[in-house]
Amino acid sequence: MAAAATSRPSDDALQAGRRIYLGNLPYTVKPYDVEEMLAANGFDVVDNIHISIDPVSARNPGYCFIDFMDRATAERALAELATEIGGRPLKVGPCQPKKYSGPRDDSTVFQRWGDWRGKTDGDQPGEHSSRPSKQGPHGALDHFDDMVNNFAGRRVFCGGLRPMLDQAQNNREVREIFDGFNPTAIGKRITPHEAKRSEPGNHHYCFVDFETRDEAAAAIKALDGKPVAGGFLKVAPARGIPDKLLKRHSEAQPGAGFRRPRQGPQTTGPSKAMASNDWRRAADG
């Protein structure tokens, strides 16, 4: 399909009233699950799915945004869409402009939010659009696939962190900690188990990925045990990618990684034949 020819800028969708909010999504939901849920409820054509993906865990945040082709369809979805997805009741609401929270410098990490596009006519099964995918959900999933296929000591556990306010704050703090070591991806900060929270010190943690094993090892050697406010850093090799994620990867279609094509006949028009991904979160610890 030629989605690029019919898609419009995201800010245009918001200003035109074509975008709605979908919440209470399972973290494992895939874009084609959302597409097929919409089709089953009378909304078989959408312009775009706007979603965020964590490049380290491949999770979505539990919500996404849908851009319809016109305002009338968006308003009909707000009035009529009452269903479930993955066994959970779907939350549907209007999309409001995000409040400004100050400048963000995320130039060295993934821009998680982006537009998930379907395949173009020249793509092979299991591939998504040939447009650049270094950022947004496409880039995040490419990174995740790369780590599954070549883990090789490139992921680092970083513990001894304070609770995070938001992902932007987490990115800034972790980039400051790893200044000079050039991480390729920073995961969300994870809350420790309840029993650990009562112990003195900071116990939140995250995972940080590097391009090479040597870069990860150099960061570990330099930063493990470094004093920080409220305690000391714990920087060590990550144990590996959980078995559930590896199983899900092995079940994916050969050559497609975590992005399997939608089943069924090919169709034309915006947001048809979208690629997919398993968003399952890596196990803590």
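Me: Before anything else, what does buried mean here?
Reply: Buried means under 20% relative accessible area, and exposed means over 50%, with partly exposed in between. The model is a predicted one, which applies to everything below.

Me: OK, so is Y205 buried or exposed?
Reply: Y205 has a relative accessibility of 8%, which is under 20%, so Y205 counts as buried.

Me: Which rings does Y205 pair with?
Reply: One of its partners is F157, in a tilted aromatic pair with 5.2 Å centre to centre and 35 degrees between the planes. F157 belongs to strand β8 and Y205 to strand β10, so this pair ties together parts that are 48 residues apart in sequence. Y205 also forms an edge-to-face pair with F207, at 6.0 Å centre to centre and 85 degrees between the planes, and both Y205 and F207 are buried.

Me: How many aromatic pairs are there in the whole structure?
Reply: The search finds eight aromatic pairs. Elsewhere, Y21, Y63 and F65 form one aromatic cluster.

Me: What does the side chain of R189 reach?
Reply: The R189 side chain reaches the backbone oxygen of R162 at 2.7 Å, and a polar contact of 3.0 Å joins the R189 side chain to the side chain of E173.

Me: E173 is in α6, I think. How many residues of that helix are buried?
Reply: Nine of the 11 residues in α6 (residues 167-177) are buried, which leaves the helix mostly covered. E173 is among the buried ones, along with Q167, N170, V174 and R175.

Me: What do those buried residues pack against?
Reply: The buried residues of α6 pack against β8 (155-161), β9 (185-186), β10 (204-209) and α8 (213-223). At the start of α6, the backbone nitrogen of A168 has a side-chain oxygen of D166 within 3.2 Å.

Me: Switching topic, which residues touch the most other members in the largest nonpolar core?
Reply: That core has 19 residues, and L22, V34, L38, I66 and F68 are the ones that touch the most other members. Two or more residues each come from β1, α3, β2 (48-52), β3 (63-67) and α4 (71-80), and α3 gives the largest share, three residues.

Me: What about K30, buried or exposed?
Reply: K30 is buried, with a relative accessible area of 13%, and its place is in the loop between β1 (19-23) and α3 (31-40). The C-alpha atoms of K30 and R59 are 9.9 Å apart, although 29 residues separate the two along the chain. R59 itself lies over the face of Y27, at 4.1 Å from the ring centre.

Me: Last one, how many disulfides does the structure hold?
Reply: There are zero disulfides in the structure. As for cysteines, C64 counts as buried at 0% relative accessibility, and C95 is buried too, with a relative accessible area of 15%.

How values were computed. Residues are numbered from 1 along each chain as its sequence is written. This is a predicted model: local features need pLDDT of at least 70, side-chain atom pairs count only at pLDDT 80 or more; totals for chains, interfaces and linings use all residues. Side-chain values use heavy atoms; hydrogens and water are left out. A disulfide is a pair of cysteine sulfur atoms within 2.5 Å. Buried means under 20% relative accessible area, exposed over 50%, partly exposed in between (1.4 Å probe, protein chains only). Helices (H or I, at least four residues) and strands (E, at least two) are DSSP runs, numbered from the N terminus. A nonpolar core is a set of buried Ala, Val, Leu, Ile, Met, Phe, Trp, Tyr and Cys residues joined through side-chain atoms within 4.5 Å. Contact means heavy atoms within 4.5 Å. A polar contact is a pair of N or O atoms within 3.5 Å; within protein, one must be able to donate a hydrogen and the other to accept it, and residues adjacent in sequence count only if both atoms are side-chain atoms. Rings of Phe, Tyr and Trp (its six-membered ring) pair if their centres lie within 6.5 Å; planes under 30 degrees apart count as stacked, over 60 as edge-to-face and the rest as tilted. A charge sits over a ring if NZ of Lys or CZ of Arg is within 6 Å of the ring centre and within 35 degrees of the ring normal.
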